[in-house]
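The following note sets out points for a colleague who is examining this model. Please read it alongside the sequence and the coordinates.

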Amino acid sequence: MRATRVLSAALLALGLAAAPAAADSSPSPSASPDGKAPTQAGTSFRTAAEMDQGQTATASASTGDYLYWSFPADTGQRPTVRATVKLPTAHAAQTWQLDVYDGLRRRQSCQYGAATRTAEQGTATVDLACVLRTVRAWSEPWANDPLPGTYYVRLTVLNLGSADLGLPVRAEVRADSRNIGGAAAVDGSLGKPLVPGIAVESPARKDGSKPAVLSAIEPDDGWSSHWWSSRWVWTAVGGALAALAGIGGYALTRGRGRPAYVPPGA
């Protein structure tokens, strides 16, 4: 029976361990038409230009400006933000930085990617990238985990000589996500996504018009309900495998009973 229990536990662990690998194979969301992408950037968190994932937002600005965009990210997504800055023909060495903040305006660290790069004198473009951690449905108040809601992108130059101040630049920013699924599932969820104005949303009007909100940004298929994930499937599969292993182990170890030639009570 001990061998049966060990075999059952091993099969159960094997079924559950397969969940992250299968979940990571989820396809990326399809790109939205670029016709609706913003063609200018905001200058602060409050004026950040809203864009959907899969869109390429563009903006013409002056060197030294702070450029802001925002996009929605939901539970189970691992956002990747990329930016390309087209520099003027003549310029000195410049260091550009890409920062990403969550709905609470907490700066989120990059898992990998070059979020800060220096463009040497005469360089035509500089490319930046930041791959965030997977967005979680819930987190401890003291933690800095990414949570579902609005994410802010800030693009700026760090060191700038007076001769380059005000020179024209053109920026392109794009945000995409990979759906991780049940591999990142946690127990618990937020009452509301971290979207500006969602807590002060006015009630629906009698004339049927939409209530006023500070931000209407959300994923194309709406915010996740947070209760379903692929972890449920793999848990059920693991339980079924464990039950079958237990039945098979019992059938192998119980034997055929007492031989006919052995008298009862012997």
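1. Phe45 is buried, at a relative accessible area of 19%, where buried means under 20% relative accessible area, exposed over 50% and partly exposed in between (1.4 Å probe, protein chains only). Tyr101 also counts as buried, its relative accessibility being 9%.

2. Basis of the note. The model is predicted, so local features need pLDDT of at least 70 and side-chain atom pairs count only at pLDDT 80 or more, whereas totals for chains, interfaces and linings use all residues. Residues are numbered from 1 along each chain as its sequence is written, and side-chain values use heavy atoms, with hydrogens and water left out.

3. Confidence. The mean pLDDT (the predictor's confidence in each residue, from 0 to 100) is 78 for the chain, and 68% of the residues score at least 70. Among the elements of the chain, the mean is lowest for α1 (39) and highest for β7 (97). Helices (H or I, at least four residues) and strands (E, at least two) are DSSP runs, numbered from the N terminus.

4. Aromatic pairs. The structure holds 4 aromatic pairs. Phe45 and Tyr101 form one that is edge-to-face, with 5.2 Å from centre to centre and 85° between the planes. Rings of Phe, Tyr and Trp (its six-membered ring) pair if their centres lie within 6.5 Å; planes under 30 degrees apart count as stacked, over 60 as edge-to-face and the rest as tilted. This pair links distant parts of the chain: Phe45 belongs to the loop between α1 (2–23) and β1 (49–50), and Tyr101 to strand β5, 56 residues apart. Ring pairs join Phe45, Tyr68, Tyr101 and Tyr152 into a cluster.

5. Nonpolar cores. The largest nonpolar core has 30 residues, of which Trp69, Phe71, Val81, Trp96, Leu98 and Leu155 touch the most other members. At least two residues of this core come from each of β2 (56–62), β3 (67–73), β4 (77–86), β5 (94–101), β7 (125–131), β8 (149–159) and β9 (168–179). Another core, of 5 residues, lies apart from it and includes Phe45, Ala48, Tyr101 and Tyr152. Such a core is a set of buried Ala, Val, Leu, Ile, Met, Phe, Trp, Tyr and Cys residues joined through side-chain atoms within 4.5 Å.

6. Sheet. Four strands form an open sheet in the order β2-β9-β4-β7, with antiparallel pairing; two strands pair if DSSP finds at least two bridges between them. Because β2 and β7 stand at the edges with a single partner strand each, one side of each has no neighbour in the sheet. Within the sheet, β4 and β9 pair in the antiparallel sense over 10 bridges. Lys86 stands opposite Arg170 in β9.

7. Arg105. Although Arg105 is not a glycine, its phi is positive, at about 60°. Most residues other than glycine have a negative phi. Arg105 lies in the loop between β5 and β6 (116–119) and is partly exposed, at 43% relative accessibility.

8. Thr116. This residue is found in strand β6 and is partly exposed, with a relative accessible area of 40%. Leaving aside neighbours within four places in sequence, Thr116 is in contact with Thr95, Trp96, Gln97, Leu128 and Leu158. Thr116 and Val157 are 41 residues apart in sequence, with their C-alpha atoms 9.3 Å apart in space.

Terms used:
Contact = heavy atoms within 4.5 Å.
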